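Hello,

Here is the structure for you to look over. My notes follow below it.

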Amino acid sequence: MSNKNQTLGEFIIENQHSFKYSSGELSNLLNSIRLAAKVVNHEVNKAGLVDIIGAAGDTNIQGEDQQKLDVYANDVFIQALINRNIVCGIASEEEDDFVAINSINNDHQNKYIVLIDPLDGSSNIDVNVSVGTIFSIYRRVTPIGTPVTIEDFLQEGKHQVAAGYVIYGTSTMLVYSTGHGVNGFTLNPAIGSFYLSHSDMEFPVDGNIYSVNEGNYLEFPDGIKKYIKYCQQIEDDRPYTSRYIGSLASDFHRNMIKGGIYMYPKSTKNPKGKLRLLYECNPMAFLAEQANGKASDGFTRILDIKPTELHQRVPFICGSTNMVNKAEEFMKEYS
Ligand code: AHM
Ligand code: MG
């Protein structure tokens, strides 16, 4: 039962029984993400004061080194996850390799791994536009009691046990799923708590918004070019509206609420696409499917792709099911 006065902390506890392995560890893990999101939010809110408090690389008035926000967010999330002694490994878009974490007792008993894009769309920071954090959680596949290996991180997205994002925007929101639908929580900055504001979020089956960086149009595969022309045609309920923030979590969030499609196809410049399968596409695909939407690389379900490397990139098409189906039809016919 959703309750509008419910905090994220209360919601996590109340829904703990629905996790497949209900030991409290996943709740604890989600709580560490909740805490880190609040810390990063505080820092992101100050970003416009950079001329006053100093830019990245400077030393501030207290003698502290100013970090770039993406490095700062990376450190905050990793530290918050390590502190709770629940995860055995973390991979981050900001790190070259995964970080193996031993448990406090030195016995490698922790079960969960986290993959994270700590500050996605960080080029938006300089112009006061929303940025996000995207996270993805799996159970390890190698035996408990041994150190994690790359195999634990290269799991197909369909094995995620939870995923979510934080948007640092006009309001700060944390949206996540543990495989039982998608719920969104809005931060009340005066109190410092996230409250359930969007319960059981779902993509409308159809929509009229398309989100793509059209500056790359000439470099897109023919299927995508033809689909974009289809979106622009004056026919039936078209032309659709074009909306592109350039911050995946925000574009996804708007499209989930209003109905739409997000595309980052491959191009001559990015022959494999730009977005990362493990840190961006898999968590968003998991959320999309949990919210009645769909995510594909144009031909294949994102969650079925077997990763071969940590920083692998894939073309990404995600959103309202009928719109993604239509884009796939064009890809099959023309690309
Ligand atoms: P980043 O991880 O380097 O921040 O890049 C990911 C971002 C997405 O949030 C966004 O949708 C896309 O890159 C925008 O890319 P572009 O500026 O090429 O349109
Ligand atoms: Mg990113």
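Which residue in β4 is the bridge partner of Ile116? The partner is Phe135.

Some ground rules before the rest. This is a predicted model: local features need pLDDT of at least 70, side-chain atom pairs count only at pLDDT 80 or more, and totals for chains, interfaces and linings use all residues. Residues are numbered from 1 along each chain as its sequence is written, while chains are lettered from A and ligands numbered from 1 in the order in which they are written.

The sheet

Helices (H or I, at least four residues) and strands (E, at least two) are DSSP runs, numbered from the N terminus. Strands count as paired if DSSP finds at least two bridges between them.

With β1 it runs parallel, over 5 bridges. Ala91 stands opposite Leu115 of β3 there. With β4 the sense is antiparallel, over 7 bridges. β3 is also mostly covered, with 9 of its 9 residues buried. Buried requires 20 or more other C-beta atoms within 10 Å of the residue's own; exposed is 12 or fewer, partly exposed is in between, and C-beta atoms are placed from the backbone.

Further along, β6 (residues 172-177) and β7 (residues 183-188) run antiparallel, joined by 4 bridges. Met173 faces Thr186 of β7.

The helix across it

Contact means C-beta atoms, placed from the backbone, within 7 Å.

The annotated site

An unreviewed UniProt entry carries a "binding site" annotation on Asp120, Gly121, Ser122, Ser123, Asn213, Tyr244 and Lys274. UniProt positions follow the numbering used here, feature names are shortened, and annotations may be inferred rather than shown by experiment.

Take two of these residues. Asn213 lies in the loop between β9 (209-211) and α6 (222-232). Asn213 is partly exposed because 14 other C-beta atoms lie within 10 Å. Lys274 is in the loop between β11 (260-264) and α8. Lys274 has 17 such atoms within 10 Å, so it is partly exposed too. Beyond its neighbours within four places in sequence, Lys274 is in contact with Tyr264 and Arg313.

Best wishes

Technical notes: Two residues are in contact if their C-beta atoms, placed from the backbone, lie within 7 Å.
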